[in-house]
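Here's a quick briefing on the model below. Have a look at the fold first, then go through the notes by topic.

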Amino acid sequence: MVLSDPVTTVLLCIAAYLAGSVLFALPVSRLWGLPDPRAQGSGNPGATNVYRTGGWLPALVTLTLDAAKGWLPVWLAHNAGLSPLVQATVALCAVTGHMIPAFYRFKGGKGVATALGAGLALAPVTTLAMAALWLLVLWRWKISALASVTAIISGPVISAFIEPENLPMFGLLSILVVVRHRNNLIRLAQGRETGV
């Protein structure tokens with residue numbers, strides 16, 4: 001196992017950030033002839049707003065592509081024999097790219113789908129448990145932001161019991177995603193957050 005390969009690490013981190021910077025909600029919306037998702041709902045270029053304008057199919061395509069751009073760089077880091085710490089760093093770079101994308105004036109999305117993809121590559125058991133919780137909360141309350149925040153803050157707790165080596169990554173991811181959902185949390189507290 002290669003514990004440290006600075007060149008490969010830097011290249012994968014850059015590639016992960018650039019991949020994360022592609023906001024697939026925008027080309028998917030254009031392909032389906034839908035409005036710009038940034039002008040809908042929370043203004044987030046993600047699968048939820050694509051669903052609001054176009055239904056399940058374009059939303060599912062958006063979700064899959066946004067997850068894939070998180071999964072692929074981490075999978076490459078794993079197959080390059082890089083350490084779990086480097087793989088976690090690559091995952092964080094991909095999620096950061098989605099949140100602060102180089103291609104869209106650093107104004108991006110919430111990073112949930114990209115975190116899902118990266119998590120599936122790095123810590124699949126924890127991530128699947130989080131996804132199950134997301135589905136449960138969404139089914140019960142029909143509010144995507146509530147489901148996302150609940151699932152992401154459960155990550156460090158679940159990881160601590162199942163895959164403790166990934167606890168730092170899930171801790172950082174939860175902070176990033178919760179901060180990006182701060183406006184949603186304010187609306188939730190005020191009872192103004194819209195459902196799916």
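Helices (H or I, at least four residues) and strands (E, at least two) are taken here as DSSP runs, numbered from the N terminus. On that basis the chain has 10 helices and 0 strands. This is a predicted model, so to speak of local features a pLDDT of at least 70 is needed, side-chain atom pairs count only at pLDDT 80 or more, and totals for chains, interfaces and linings use all residues. Residues are numbered from 1 along each chain as its sequence is written, and side-chain values use heavy atoms, with hydrogens and water left out.

**Overall build**

- Reading from the N terminus, the order of elements is simply α-α-α-α-α-α-α-α-α-α.
- The radius of gyration is 16 Å, close to the 16 Å that the globule rule gives for 196 residues, so the chain is as compact as a globular protein of that length. That radius is taken over C-alpha atoms, and the rule is 2.2 Å times the number of residues to the power 0.38.
- The C-alpha trace spans about 50 × 35 × 25 Å along its principal axes.
- Count contacts (heavy atoms within 4.5 Å) with a separation of 6 or more, and 64% of them come from residues 24 or more positions apart.

**Surface and charge**

- Of the 196 residues, 43% are buried; buried means under 20% relative accessible area, exposed over 50%, and partly exposed in between (1.4 Å probe, protein chains only).

**The nonpolar core**

- A nonpolar core is a set of buried Ala, Val, Leu, Ile, Met, Phe, Trp, Tyr and Cys residues joined through side-chain atoms within 4.5 Å. The largest one has 25 residues, and Val 74, Val 90, Met 169 and Leu 173 have the most contacts inside it.
- Helix 1 (6-20), helix 4 (56-79), helix 5 (84-99), helix 6 (112-122), helix 8 (144-162) and helix 9 (167-180) each put in at least two residues. Helix 5 gives the most, with 8 residues.
- Setting aside neighbours within four places in sequence, Val 74 touches Gln 87, Val 90, Ala 91, Ala 118, Ala 121 and Leu 122.

- Ser 174 is in helix 9, and at 11% relative accessibility it counts as buried. Beyond its neighbours within four places in sequence, Ser 174 contacts Ile 152, Ile 153 and Pro 156.
- Gly 41 sits in the loop between helix 2 (25-31) and helix 3 (47-54), and at 64% relative accessibility it counts as exposed.
- Again leaving out neighbours within four places, Gly 41 is in contact with Asn 49 and Arg 52.

- Most residues other than glycine have a negative phi.
- Arg 105, in the loop between helix 5 and helix 6, has a positive phi near 55°. At 74% relative accessibility, Arg 105 counts as exposed.
- Phe 106 is found in the loop between helix 5 and helix 6, and its phi is positive too, at about 65°.
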